[in-house]
Amino acid sequence: MPSQPDRPQIVVDRLTKRFGGFTAVDDLSFTVDPGRITGFLGPNGAGKTTTLRMLLGLIRPTSGTATIGGVPYAAIAQPQRVVGSALEATGFHPGRSGRNHLRVLADTAGVTSRRVDEMLDLVGIPAAANKRAGGYSMGMRQRLGLAAAMLGDPQVLILDEPANGLDPEGIRWLRGFLRHLSSEGRTILVSSHMLQEVEQTVDDVLIIANGSLVKQGPMSDLHGEATSLVRSSDPARLAAALQEAGVASSPAGEDALTALTGDLRRIGDVALTAHVALYELRAQGADLEQLFFELTESPENANRNLGEAS
Amino acid sequence: MGGAIRAEVRKIFTTRLWWGLLLGLILVSGGVSALFASLVGTTVAGRNPASNPFLIMTEGTAQLIYAGGFVYNLTPLFPLALGVILITQEFRHQTISATFLARPRRVELLLAKVVAVVIIGVVYGIVHDLAAGGFGTLVLAIKGEPTFLGSSATWQTFAISLLTFVLWALLGFGFGLLVRNQLAAVFLALGIAFIAHIALSIVFSILNWTTPPKFLPDNLSVGMLVTHDPTGGAGGASPYFSLWVNAAVFLGYAVVLSGLGSWLLSRRDIS
Ligand SMILES: Nc1ncnc2c1ncn2[C@@H]1O[C@H](COP(=O)(O)OP(=O)(O)O)[C@@H](O)[C@H]1O
Ligand SMILES: [Mg+2]
């Protein structure tokens with residue numbers, strides 16, 4: 001069933017791309033729901049860019065299909081007004097100003113020069129707009145790319161590694177920017193090879209390794225159960241007391257435990273009753289980085305690009 | 001389609017390439033015209049009326065002067081280089097992805113580019129006419145020679161020059177589309193148009209072949225511009241095809257290269 005045209009769904013169905021004998025994307029299927037921010041994650045070389053380029057009609061799939069709102073990208077009459085995209089390895093002519101770069105795209109999108117200036121303001125580079133793009137920093141190039149993606153006021157945004165080359169300030173800005181766009185009801189698919197870059201931003205995740213899907217679901221699933229770190233005068237006695245109170249724990253170094261609960265108050269109470277002094281007590285989320293690593297680097301998913309020389 | 005054409009035209013006029021090349025064109029076209037005009041009525045190019053086109057000012061001599069650097073294979077290098085660079089810069093600076101994202105129906109996009117190349121070709125042709133006409137008539141007037149500005153042959157050359165520029169730019173565009181690597185395409189195109197032309201001309205004349213040289217692009221374009229015998233009939237048979245045969249053959253080259261290049265690019269992965 002084709003999705004509503006004003007809330008287009010992205011559907012990737014059994015998508016495969018082989019470059020010669022090398023399978024970059026391997027029978028990949030997923031959907032991206034409208035109105036949410038979906039993180040498209042995987043280590044370098046996993047096949048993210050290739051997938052996004054197939055979705056946008058730049059790379060011809062070996063087999064399978066990818067559609068946006070039920071149709072292939074190339075079949076959308078005014079694509080810039082439906083889907084905005086910023087891809088890795090897309091450049092700017094170094095001798096053309098940022099504003100003129102956008103004006104060229106505005107001509108095909110059928111939007112005014114005023115919209116161009118509004119987008120330059122939106123991404124925060126109005127001062128550099130008349131300078132030649134050859135002198136732009138990586139962060140300014142990323143912002144110009146986002147401005148280009150937003151020109152046609154699209155409902156769907158496809159962003160390939162938009163955080164690459166941004167400093168921490170820039171990453172914070174990007175986070176707010178994406179949140180703002182999402183609050184307007186837009187569908188955002190954003191790729192990254194670093195989970196931390198997007199973990200605070202995305203609603204859903206889509207993790208691939210070696211061209212295949214390894215996990216899809218809401219970000220909250222990934223966080224898993226909360227745990228707490230407890231440092232105390234007598235970890236063994238505390239562990240036993242916690243056990244009695246129905247809280248499992250495991251040793252975490254010299255004088256600390258990891259308790260399988262996020263309820264700090266309860267741990268404090270148990271420690272008091274057991275006469276154990278607490279030196280440190282804090283909640284910790286699931287170790288996402290570790291989880292990401294396990295998902296993408298487990299033996300069956302070990303990065304093919306880093307394989308030992310044979 | 002209108003938006004895509006506007007975008008492609010804007011691309012041309014928003015970098016320094018077009019006027020940088022245009023400055024070179026003005027110097028070359030104006031310079032060669034002035035040089036030719038200064039030879040009129042002199043024996044610098046020989047005393048033989050059959051081989052010195054400047055001995056007596058004729059309609060053909062005027063066409064030769066106003067064709068400017070075409071006769072030396074220099075002027076066409078500018079629209080040729082322009083055509084090559086306009087397409088290869090999309091690959092060099094990786095802007096081709098954004099271009100296709102904005103206009104995913106690739107053949108349509110390439111047609112819009114062709115229209116833009118035609119437009120800039122006409123602009124170059126007009127500027128060439130102004131430079132060659134301006135410097136040529138200036139020198140002729142100083143020397144007191146007739147300028148032939150009232151002759152229809154002269155105005156035919158001015159008009160056909162626009163077509164000639166368009167064809168050379170399209171030839172470059174098609175060539176660039178096939179080669180894609182900018183540096184390689186520019187050097188190959190200029191090398192073929194300039195050096196290979198001279199080498200082949202020498203080979204053909206040694207072999208005494210008279211028809212094959214007529215197919216060389218430079219001769220096709222000179223044959224379009226200089227339709228009257230500058231020696232006023234003393235020079236014997238024309239070394240060129242007729243005007244429209246020249247144009248048709250040249251257009252054939254441009255269409256084959258651009259068509260093949262477009263077809264290949266419409267199937268390529270852009271990664
Ligand atoms: N045009 C191509 N030809 C050959 N191999 C390619 C091509 N494009 C990508 N690859 C390979 O496909 C794999 C996936 O690449 P890519 O999609 O860029 O991954 P990611 O974006 O996740 O880092 C990599 O191993 C890469 O080397
Ligand atoms: Mg990538």
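Me: Is A:Asp255 buried or partly exposed?
Reply: In this predicted model, A:Asp255 counts as partly exposed, because its relative accessibility is 21%. The cut-off for buried is under 20%.

Me: Which residue forms a salt bridge with A:Asp255?
Reply: The partner is A:Arg231, and the closest N and O atoms are 3.0 Å apart.

Me: Where do A:Arg231 and A:Asp255 lie in chain A?
Reply: A:Arg231 belongs to strand 10 (residues 227-232) of chain A, while A:Asp255 is in the loop between strand 11 (249-251) and strand 12 (256-259), so the pair ties together parts that are 24 residues apart in sequence. A:Arg231 is partly exposed, with a relative accessible area of 27%.

Me: How many salt bridges are there over all chains?
Reply: A search of the whole structure finds 22 salt bridges. One of them joins the side chains of A:Asp204 and A:Arg36, at 2.6 Å from N to O.

Me: Which parts of the chain does the pair A:Asp204 and A:Arg36 link?
Reply: The pair links distant parts of chain A, 168 residues apart. A:Asp204 is in strand 8 (residues 204-209), and A:Arg36 is in the loop between strand 2 (22-32) and strand 3 (37-41).

Me: What about the accessibility of A:Asp204 and of A:Arg36?
Reply: A:Asp204 counts as buried, because its relative accessibility is 11%. A:Arg36 counts as partly exposed, at 33% relative accessibility.

Me: Which residue forms a salt bridge with A:Asp117?
Reply: That is A:Arg99, with the closest N and O atoms 2.8 Å apart. A:Asp117 is in helix 4 (residues 113-122) of chain A and A:Arg99 is in helix 3 (residues 98-109) of chain A, 18 residues apart. A:Asp117 is partly exposed, with a relative accessible area of 28%, whereas A:Arg99 is buried, with a relative accessible area of 15%.

Me: Which residues are linked in a network of salt bridges?
Reply: A:Arg115, A:Asp153, A:Glu184 and A:Arg186 are linked in such a network.

Me: Let us turn to the rings. How many aromatic pairs does the structure hold?
Reply: There are 12 aromatic pairs over all chains. Among them, B:Phe36 and B:Tyr72 have ring centres 5.5 Å apart and planes at 75°, so this pair is edge-to-face. B:Phe36 is in helix 2 (residues 17-39) of chain B, and B:Tyr72 is in the loop between helix 3 (59-66) and helix 4 (77-92) of chain B, 36 residues apart.

Me: What about B:Tyr66 and B:Phe158?
Reply: Their aromatic pair is tilted, with 5.2 Å centre to centre and 40° between the planes. B:Tyr66 is in helix 3 of chain B and B:Phe158 is in helix 7 (residues 152-179) of chain B, 92 residues apart. B:Tyr66 is buried, with a relative accessible area of 0%, and B:Phe158 is buried, with a relative accessible area of 8%.

Me: Last topic, charges over rings. Where does the charged end of A:Arg143 sit?
Reply: The charged end of A:Arg143 sits over the ring of A:Trp173, 4.2 Å from its centre. In chain B, B:Arg106 lies over the face of B:Phe100, at 4.7 Å from the ring centre.

Technical notes
Residues are numbered from 1 along each chain as its sequence is written. Chains are lettered from A and ligands numbered from 1 in the order in which they are written. This is a predicted model: local features need pLDDT of at least 70, side-chain atom pairs count only at pLDDT 80 or more; totals for chains, interfaces and linings use all residues. Side-chain values use heavy atoms; hydrogens and water are left out. Rings of Phe, Tyr and Trp (its six-membered ring) pair if their centres lie within 6.5 Å; planes under 30 degrees apart count as stacked, over 60 as edge-to-face and the rest as tilted. Helices (H or I, at least four residues) and strands (E, at least two) are DSSP runs, numbered from the N terminus. Buried means under 20% relative accessible area, exposed over 50%, partly exposed in between (1.4 Å probe, protein chains only). A charge sits over a ring if NZ of Lys or CZ of Arg is within 6 Å of the ring centre and within 35 degrees of the ring normal. A salt bridge is a side-chain nitrogen of Lys or Arg within 4 Å of a carboxyl oxygen of Asp or Glu.
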